[in-house]
Amino acid sequence: MISTRLHPDKQTAAQAIAGEIADLIEIRSKSGKTTVLGLATGSTPLPLYAELIRLHRAEKLSFRSVITFNLDEYAGLGPSHPQSYRFFMEENLFRHLDIPAGNIHIPDGLSKDAAKNCADYEAAIRAVGGIDLQILGIGRTGHIGFNEPPSAADTRTRWVHLDEVTRRDNSVFFGDLAQVPQGALTMGVATILEARRVELIAFGEAKADIVHRAMKEAPSAACPATWLQQHPRCTFHLDAAAAKAL
Ligand code: PGA
């Protein structure tokens with residue numbers, strides 16, 4: 001089931017979600033438990049990451065007990081490439097926190113054996129007991145992670161072809177469409193659905209149509225975000241513009 005939460009602006013949404021993450025980390029670490037977070041890239045989660053960094057600095061929120069798994073990585077881009085998601089996460093979150101380097105997981109875009117890398121990724125998630133809270137954005141194609149249409153509900157971490165709409169949307173970061181990789185490694189829909197909580201964030205009018213489809217269309221591979229309707233605890237955090245078509 002998808003519930004919606006309307007926020008006046010990005011900042012307020014970021015504070016609300018960061019507060020939920022902080023509560024989860026604090027409650028679990030008090031009883032000696034780790035917290036497993038699923039993380040997203042793109043412009044949407046940036047205010048959330050800025051708020052988590054503020055909580056770490058100003059409120060002494062520690063990430064020592066946190067384990068992270070990112071949703072996806074571009075095929076062919078290594079950690080030193082400024083558009084790789086590994087680079088993005090280091091710059092915008094990890095290097096500002098006290099999270100142990102060994103607790104960070106991102107699919108390896110340079111892997112020579114993508115199938116093995118993806119199977120190992122699934123195994124690593126299982127080995128730590130699954131994802132407690134997954135952050136998601138949504139692409140205009142209906143992708144979650146890089147699960148482009150068509151992506152079935154039983155898909156697992158794998159190599160995928162990027163949709164041309166996604167490549168064009170993301171070309172603003174590369175400066176040139178030709179530089180945007182054709183493929184990516186992404187957690188599957190099933191992997192995402194197994195997270196115990198899902199917090200999807202969407203802002204702005206450009207997301208209004210896909211947010212409407214994700215919530216109202218019958219779940220199908222044609223719009224992978226519709227599978228979230230089958231999740232027991234999924235919240236869409238929206239501003240008024242993204243909620244316009246609901
Ligand atoms: P965006 O990307 O945050 O840059 O809009 C979202 C997504 O593609 O999941």
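Helices (H or I, at least four residues) and strands (E, at least two) are DSSP runs, numbered from the N terminus. The model is predicted, so local features need pLDDT of at least 70 and side-chain atom pairs count only at pLDDT 80 or more, while totals for chains, interfaces and linings use all residues. Residues are numbered from 1 along each chain as its sequence is written, and side-chain values use heavy atoms, with hydrogens and water left out.

View 1. Gly109 counts as buried because its relative accessibility is 12%, where buried means under 20% relative accessible area, exposed over 50% and partly exposed in between (1.4 Å probe, protein chains only). Contact is defined as heavy atoms within 4.5 Å. Leaving aside neighbours within four places in sequence, Gly109 is in contact with Glu73, Tyr74, Ala75, Gly76, Leu77 and Leu185. Phe94 is 15 residues from Gly109 in sequence, and the C-alpha to C-alpha separation is 18 Å.

**View 2. Glu73, a residue of strand β4 (residues 72-74).** Glu73 is buried yet has no salt bridge, a term that requires a side-chain nitrogen of Lys or Arg within 4 Å of a carboxyl oxygen of Asp or Glu. The nearest side chain of opposite charge is that of Arg86, 5.9 Å away; Lys and Arg count as positive and Asp and Glu as negative, while His and the chain ends are not counted. A polar atom of the Glu73 side chain lies 2.8 Å from the backbone nitrogen of Tyr85. Beyond its neighbours within four places in sequence, Glu73 is in contact with residues including Ser84, Tyr85, Ile106, Pro107 and Gly109.

**View 3. The aromatic pair of Tyr74 and Tyr85.** Rings of Phe, Tyr and Trp (its six-membered ring) pair if their centres lie within 6.5 Å; planes under 30 degrees apart count as stacked, over 60 as edge-to-face and the rest as tilted. The count by this rule comes to 6 aromatic pairs. Tyr74 and Tyr85 form a tilted pair, 4.8 Å centre to centre with 40° between the planes. This pair links distant parts of the chain, with Tyr74 in strand β4 and Tyr85 in helix α3 (residues 85-92), 11 residues apart. Tyr74 counts as buried at 2% relative accessibility.

**View 4. Tyr85 and Phe88 in helix α3.** Tyr85 is buried, with a relative accessible area of 8%. The ring centres of Tyr85 and Phe88 are 6.5 Å apart and the planes stand at 75°, so the pair is edge-to-face. Because Tyr85 and Phe88 are 3 residues apart in helix α3, about one helical turn separates them. Phe88 is also buried. One aromatic cluster is formed by Tyr74, Tyr85, Phe88, Phe146 and Phe174.

Key
Polar contact = N/O pair within 3.5 Å; in protein donor to acceptor, adjacent residues only side chain to side chain.
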